[in-house]
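Here is a short briefing on one protein chain.

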Amino acid sequence: MEFDKIFAKEISKILDNKLTVKSIMKLIEKPKHSTQGDIAFPCFTLAKLLKKSPNAIAMNLAEQLKHPLFAKIVAEGPYVNGFFNKETVGKKVINTILQQKSLYGTPEVKKEGTITIDFSSPNIAKPFSMGHLRSTVIGNSLANIAEKCGYKTVRINHLGDWGTQFGKLIVAYTLWGKESDIKKNPIHELLSLYVKFHEEAELKPELENQARKWFKKLEDGDKEAIMLWQWFREESLKEFSRIYQLLGVHFDSYHGEAFYNNKMNKTIELLNNNNLLSNSEGAQVVNLENDSLPPCLIKKSDGATLYATRDLTAALYRQETYQFTKALYVVGHEQSLHFKQVFLVLEKMGYNWAKELIHVPFGFILKEGKKMSTRKGKVVLLEKVIEEAIVLAKQNIAVKNPTLPNKDEVAQQVAVGSIIFQDLKNERLNNIEFSIEEMLKVEGETGPYIQYTYARACSILRKVAQSTHFVFSEGANEYNWLLIKQLMIFPKIIERSFEKYEPSHIAKYLIDVSQEFNKYYSQVKILIENKEKESRLALVESTTIVLEEGLRLLGIQTPREM
């Protein structure tokens, strides 16, 4: 299946290995138009090396390159364009997919090692809003992709379960809260108290001092403060667990900020031993001036620790516990400076593994062009969005397929899939304007469109014997070749998606596969009885395998009927 590698090897051979196979493979492109060929090599890099024009080099390579994999090789300006032998390649691609099934797309040489992925990480005592969606679904998809590539993953939910916000919440609860109300509807009530605190604090600034005092009590182990904190934490985890179950997301660790409370002194001691700490207006910092970064604040003048102290401690704990090969932090782009500082401090402490700490930033979900704010109560609750999506999905099913079995299950799969896909089809650094209407469209570049394409392909296969083992024997033709070419590049898409930490590559690819399949479906009578029927069905089954596995990597389920 390594067609790129074969192309690269032939070019390297003609060049007397002046350019390595690996270097050539990095330069290989897909021609803009299918009429230009199936694979292309630009010769610009060789101009200086061979002291010839790129056009002349392309001509020379095209004349010499001969291989049974290619029907023809042509020079087009500075490019060497290859046209695959459709019959040879078509058979190889489809029969490989049918043989490997869900393993298709796994690298031939699997990656080794462990990756820790820090994602989702909502704040305790606040509702799970649309603002938490991005980190959750991007992190979950990256974990799936890393596992597909061969890594062992450790999924970490670094809960925001410590900090001055708990002082604020305790003050609000003691002033305006009722135990019965919170027991009835914990997260809603806690959010109302949190919002009320900020509204009141604008008129009565002394409330902020009270909040700081309560948080100090919490840090000092005051019984009442600890009891309230544990109660808020437990109620929040129940809420989060329900949301994660709906999204199909799981974690291996829920160690939040509080977990590192008794471990930070050791980190500060290590920083001291490395002569990295200096005093700045009574606070302890690591000076990063030589690296053009502001100082990394480790301990405030009042002795309080900060996010950086906790993240340094968490990284040390994770390396000691999991011996990770890489550690990903799926956290919004506004934290980029923070992670640059933390990673650099760990390098200065002498840890070589710090070079494998990677911040995976992403943009915001916006509401009317603005970032959502829990403090001001401007949030869209994810659970409400999912509930609304399920209602709309049920309405669609009632109109289009009223006799569908498992309606509730399918409605949930479609609703959740539409929400996840709407996020992951966007490049992660882009901001996304929240729109439930866009999210739930069943036409166009949406999750339901891909799920529907999969269900349509499954319905074709249901019309033939279930035990049939298809073989693709007739080769490619003008109707199926573009679909075969799409299915062929799935392994490369997975590899690129992991290298760039970008699930959107897979999401966009699945749209392309679905569009090509639907074109094929509209042009060809798949179930007509003739000698090519088995090959047509083999192509349909291959498409279901790729769509199902691609959606699984995004964290989306595939109903066989819709």
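F7 is in contact with I28, I39, A40, F41, L65, F70, I73 and V80, leaving aside its neighbours within four places in sequence. The model is predicted. F7 and F41 touch the most other members of the largest nonpolar core, which has 146 residues.

**Nonpolar cores**

- Another core lies apart from the largest one. This other core has 26 residues, including L271, L277, Y329 and L344.

**Aromatic pairs**

- The whole structure holds 27 aromatic pairs.
- Y151 and F498 form one of the pairs, with ring centres 5.4 Å apart. Their planes stand at 35°, and the pair is tilted.
- Y151 sits in the loop between helix 6 (133-148) and strand 5 (152-156). F498 belongs to helix 20 (residues 490-499). The pair therefore ties together parts that are 347 residues apart in sequence.
- Y151 and F498 are both buried.
- Y173 and W231 make an edge-to-face pair, because their planes meet at 80° with the ring centres 5.7 Å apart.
- This pair also links distant parts of the chain. Y173 is in helix 7 (residues 164-176) and W231 in helix 11 (residues 223-247), 58 residues apart.
- Y173 has a relative accessible area of 14%, so Y173 is buried. W231 counts as buried too, at 16% relative accessibility. The cut-off for buried is under 20%.

**Cluster and charges over rings**

- One aromatic cluster is formed by F119, F128, F240, Y244, F251 and Y254.
- K217 lies over the face of W214, 4.1 Å from the ring centre.
- K263 lies over the face of F259, 3.9 Å from the ring centre.

**Helix 10**

- Helix 10 (residues 206-219) is made of 14 residues. From its first C-alpha to its last it reaches 20 Å, close to the 20 Å expected at 1.5 Å a residue.
- Its buried residues are L207, A211, W214, F215 and L218. They cover an arc of only 100° around the axis, so they lie on the same side of helix 10.
- The turn of the helix is the background here: an α-helix has 3.6 residues a turn, so residues three or four places apart point the same way.
- What do the buried residues of helix 10 pack against? Their partners are helix 7, helix 9 (186-203) and helix 11.
- G221 follows helix 10. The phi of G221 is positive, near 85°.

**The chain as a whole**

- The secondary structure comes to 22 helices and 13 strands.
- Of the 562 residues in the chain, 53% are buried.
- Among contacts between residues at least 6 apart in sequence, 73% join residues at least 24 apart.
- Taken along the principal axes, the C-alpha atoms fill a box of roughly 80 × 65 × 40 Å.

Terms used:
Residues are numbered from 1 along each chain as its sequence is written. This is a predicted model: local features need pLDDT of at least 70, side-chain atom pairs count only at pLDDT 80 or more; totals for chains, interfaces and linings use all residues. Side-chain values use heavy atoms; hydrogens and water are left out. Rings of Phe, Tyr and Trp (its six-membered ring) pair if their centres lie within 6.5 Å; planes under 30 degrees apart count as stacked, over 60 as edge-to-face and the rest as tilted. Helices (H or I, at least four residues) and strands (E, at least two) are DSSP runs, numbered from the N terminus. Buried means under 20% relative accessible area, exposed over 50%, partly exposed in between (1.4 Å probe, protein chains only). A charge sits over a ring if NZ of Lys or CZ of Arg is within 6 Å of the ring centre and within 35 degrees of the ring normal. A nonpolar core is a set of buried Ala, Val, Leu, Ile, Met, Phe, Trp, Tyr and Cys residues joined through side-chain atoms within 4.5 Å. Contact means heavy atoms within 4.5 Å. The expected span of a helix is 1.5 Å times one less than its number of residues. The arc is that of the directions from the helix axis to the C-beta atoms.
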